[in-house]
Structure formats: structure tokens, C-alpha cells
Amino acid sequence: MKISVTTNLSCTRSDAWDALHNPDVFQAVSAPFLSFEAKEPSTFPLRFESKKRYVVQARAFGFIPMGTQEINPVDSTSGDCTTFTDNGRGLSGPLKAVTTFRHQMTLQPSGTGPTKLTDVLEFRAGLLTPALWIGFRLFWWWRHKKMATMAPQWQNHATALWDERYNNTPLWSGAVNPTLISMIRGKTPGTALDVGAGEGADALWLAEQGCNVTALDVSPRALSRGEKERQKRVCSDSRERNIRWIASDSVTDELPAAPKTYDLVVSHFLHLPQAEREIIWKKLVHAVAPGGQLLIVGHAPEDLKSGVGRPPADLMFQGQDVRRFIPSSWSSVRVTRPRRTQRSAEGAEVEVNDVVVFATR
Ligand SMILES: C[S@@+](CC[C@H](N)C(=O)[O-])C[C@H]1O[C@@H](n2cnc3c(N)ncnc32)[C@H](O)[C@@H]1O
């Protein structure tokens, strides 16, 4: 018999993947119905390793012995899906009645912001199978409820920081960045990647130009806000807007497996420490398709004296810093510093500069 449950987790796929390998999480999502004691080895590892064997003693409600169980994790990856398979089985006690046990937990971007967990259990226990199905189904419902509640605790530092910043009201204006309009207008790309997409104003604008957009951000909350806005706009004018919202840390995570390259790669105001932003720029350059374009926009370091809110000095960069990462084989690179006005916290109109790098491969 089979049980299949799906849940959205408000963390990146990598964070959820780490959690699925964490014995503390395994214990926490099983409590209070089942608790486990490590038998072989005699303590739980820091992380369940693929292709290793673990034997645990299970107890229902902390005291009813259920026998021992083998956990045999196997990790696999296919495109943007990662799967944790446990082919473990009951070794002794009541658990031995389960003759076949195959448990697969697959993580993939939901496409709407959070990470989707699909949890499939196939098992056989002879005549006890229907009765056990009810028990497992309830237990699986509980596990998913716990996982959805715990997912914010699994967030990496950057996700936790930005999800907190996006906590209440919208953080940005909701308006598309003017540089994107001026650079792209009239030449709609077929596919676009927006990295550090935030609440998705640029991704929405690109989708409204007819582009297929992949919008990445470390904050699932910001992306969900973008998806909500997308749905609202589609409802109001029935025009489809094609956007895949993916929660991912662009420093530590790979870019989505497909498509490998995009007609347009954009990133606006992604201000990170030097080593981190350089890792991202390299990935962005690699993600541009032949003939495609790259647009990276930042706040100019000189704006630090302007009185408007800006990231700390060590997170600022110049156009030339980005330019170094663009291969000389590309057909053009333009580094500009357009001016615009912005309101300061006191309400004054202040002249600010952006750093803009626009390159064609
Ligand atoms: C200043 S906001 C800019 C948002 C949007 N591009 C805009 O112009 O409105 C920077 C965005 O970068 C995201 N971010 C920060 N670190 C990131 C990382 N390592 N990977 C992906 N996104 C990240 C933040 O969550 C935030 O949404």
C-alpha cells in the first residue's frame, strides 16, 4: 500500500535537504508518537550518510517497545529534485510485521517560492496492511505538520535574515527598476533569470513582456509575495505571466538545472561581501546563452554620502569590479552610472547614482 503526502517548506531546498539528513529532525518530527534510540552505531551520527546502515530501537509514546528498525538512506539527484530514499525494514518486534518498506522524500522547488516536499511510503505487512495504513497515514500527516512548522528553523543565515526583513509590509515599491526597462525595452528575451528577485517587480515586468522568467531569491517569503501579486494580476486581466519562483542561496547553491542558460540574466541591488558577490557574478556570466545579455545593477559607493539608506561600504562595488568577470570574447560590455532621484528618510529629493553593467555575449 502507498501513502503520498506533499508539503511546502519555507526554506531553500538545500536547507530542507540538510534537515532530512539530521537525526535530531528525524526524532523531532516523529515525537511524541515514536521515539528512537540508536543501536548500531550506539549514537546517532551528526548526519545520516547515504549508503550507510543505521539500526534504531523504536518506542511508541516513549515507552511501548516496537522493536528494531534498519535505516538505509540512499541519496539521489535528478534535475532540480533531490531524493532521500530509505529502504530500511523492521528487524525485530512488532516492526518486523512490515515486510516491505520503501520511503522516498523528494525535494524540489515548488515554483511559487517555498520548497516542495513529496513524501511517498510504500509498505506491505500481510494481513495487517490495511490497519497499518491508517496508522501510517495519521503519522505521516503529523510528520508533515511538524516539518512545515519546523522549516523556518532550518533556514540558513541569509534566508533567516531576509525572511525576517520581509516579515510584515512590502519592503520595496513594487515598481520595476527603471534601468531594466531602459536596457530591455523593445527586445523581449525568450527566457530570463533574475537573481535576488526580492518581491518580484522586475520578474513580473519581464513576464508581462512575454518572457519565461526564473526568479531566484534566498527569501521564500519575498518570492511568495511575488507569486501572490502574479496571481492577482492574472486574475484581473487574464494575461498569463510565466514565472518560476525558486528559493535558493545563489552563493552556496547551484543555479537551477534547467534551462542551463538564459537570453537575459539580471541582478539588481544584490549587495553582498566581496567573496560572495564574486561567486554569484561568475555564475551569472555562465548562465548567459550565446547572444544573450547580462545586466547587473548596484548602488554606487558614492551614494554612501548622499543621506539615503544604503548597504554598508564593504558590500558596495563598482562597475569595473563586475567587468573583470566578463570574458573578452563577449561582443560588448557597457559600464555606466545613470543618475536618478530618490527620497531620503526625511522626505528630501536626493540625487543618487547606480552602477550598471550591461553586456552581450
Ligand atoms: C536589495 S534586495 C533587491 C530586490 C530586487 N532585486 C529589487 O531590486 O527590488 C536584495 C535581494 O537579494 C536577496 N538575496 C540576498 N542574498 C542572497 C543570496 N545569497 N542568494 C539569493 N538572493 C539573495 C534578498 O533576499 C533580497 O531580496
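Helices here are DSSP runs of H or I with at least four residues, strands are E runs of at least two, and both are numbered from the N terminus. Residue numbers start from 1 along each chain as its sequence is written. Keep in mind that this is a predicted model, where local features need pLDDT of at least 70, side-chain atom pairs count only at pLDDT 80 or more, and totals for chains, interfaces and linings use all residues.

Let's begin with the loop between β2 (34-40) and β3 (54-60), where proline 41 is found. A cis peptide bond ties glutamate 40 to proline 41, with omega about -10°. Lysine 51 lies in the loop between β2 and β3 too, and its phi is near 70°, a positive value in a residue other than glycine. Most residues other than glycine have a negative phi, and most peptide bonds are trans.

Now for helix α6. Six of the eight residues of α6 (residues 201-208) are buried (20 or more other C-beta atoms within 10 Å of the residue's own, against 12 or fewer for exposed and in between for partly exposed, with C-beta atoms placed from the backbone), so the helix is largely enclosed by the rest of the structure. Among those buried are Asp202 and Leu206. The cover over them includes α5 (178-184), β11 (212-217) and α7 (220-237). Just after α6, glycine 210 has a positive phi of about 100°.

Further along, serine 238 sits in the loop between α7 and β12. Serine 238 is not a glycine, yet its phi is positive, about 60°. It counts as exposed, with 7 C-beta neighbours inside 10 Å. Finally, the loop between β12 and β13 holds proline 259, and the peptide bond from alanine 258 to proline 259 is cis, with omega near -10°.

Terms used:
Contact = placed C-beta atoms within 7 Å.
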